[in-house]
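Dear colleague,

Please find the structure below, passed on for your own work. My notes on it follow directly after.

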Amino acid sequence: MALERLELLSEHGCFGGVQRFYKHFSVNQIGLPMRFALFLPPQAVAGDKVPLLTYLAGLTCTEETATMKAGAQRLAAQLGLALLFPDTSPRNSGIDGEDHHWDFGVGAGFYLDATEHPWAGHWQMESYLLQDLIPGVVAEFGLDGDRLGITGHSMGGHGALTLALRHPGVFRSLSAFAPICAPTKCPWGRKAFLGYLGQDEATWAAHDASLLMAAQTTAPFLGGILVDQGLADKFLAEQLHPEAFEAACAQVGQPLTLRRHAGYDHGYYFISSFIDDHLRHHAQALA
């Protein structure tokens, strides 16, 4: 699968590999230009077929946020992991309200396929990632499509958990930072789901990580799932609900390492403090 109208925006040497920023046109899914960042470790630059870890960023973020703030490239270069950083949402669609990322409402992608007007025309982030961007990047850059991992932060943590559970067998490793674990129960999720999926709340459960996990008949990730959560996170009590995902994992026998860290908040100082553990978690599962 080719990435349509792929354009290299910038390229930077990084820990023996290369950090690149691209733009392409998502013809079949988004119908608009989309941006992404890709880190290729030195092993990939040398021609080796390396695994790919996709990092989904959170509300208000772009493809640049984690690329520049998480500090993932150094260890990824040592481990031989390629890193994909998609943008979080379509841009420049002409839809009124598209830029409401800052009030945590619709406009932010939430990594699902919208069914409601006016969002359904372009807000197809789940299909974009699974059918367009990830397979396109694998093919374009000669990466190992049988060794895919996914992680993310906040809204992106929600995306990582739900996409991994909704598409069994696609991702071999899974982790998240401060994910929105029960979006059907929190203000961010309810506002987004109402806008994107409509008023029938029965349709929302298919995009709630805790409900998806509770519906599993067997543990989908026998190698375990890693989740880190800061206890000084101001969104923890109202928006994130990691205890719901923890209970669902216990119910189905899914191994989960949920680490709660005193003094850490919701931002990238927290993520950069523990990103190495996540990279090692994925490298071990994708070896």
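In this predicted model, L56 has G152 of strand β6 as its bridge partner. The two strands concerned, β4 (residues 52-56) and β6 (residues 148-152), run parallel and are joined by 5 bridges.

Both strands belong to an open sheet of 9 strands with mixed pairing. Its strand order is β1-β2-β3-β5-β4-β6-β7-β8-β9. The edges are formed by β1 (7-14) and β9 (256-261), each of which pairs on one side only. From one strand to the next, the twist averages 15°.

Helix α9 (residues 242-252) packs on this sheet, where it touches β8 (225-230) and β9. The direction of the helix makes about 155° with that of β9.

Is Q229 buried or exposed? With a relative accessibility of 1%, Q229 lies under the 20% cut-off and therefore counts as buried.

Which residues is Q229 in contact with, once its neighbours within four places in sequence are left aside? They are A178, L236, L240, P242, L258, R259, R260, H261 and F270. Among them, P242 falls within the residue range of helix α9, while L258, R259, R260 and H261 fall within that of the edge strand β9.

With kind regards

Notes: Residues numbered from 1 in each chain as written. Predicted model: local features only at pLDDT ≥ 70, side-chain atom pairs only at ≥ 80, totals over all residues. Heavy atoms only, no water. Pairing = 2+ DSSP bridges. Helix = DSSP H or I, 4+ residues; strand = E, 2+ residues; numbered from the N terminus. Axes fitted to C-alpha atoms, helices over the stretch in contact; angles between N-to-C directions. Contact = heavy atoms within 4.5 Å. Buried < 20%, exposed > 50% of the residue type's maximum accessible area, 1.4 Å probe, protein only.
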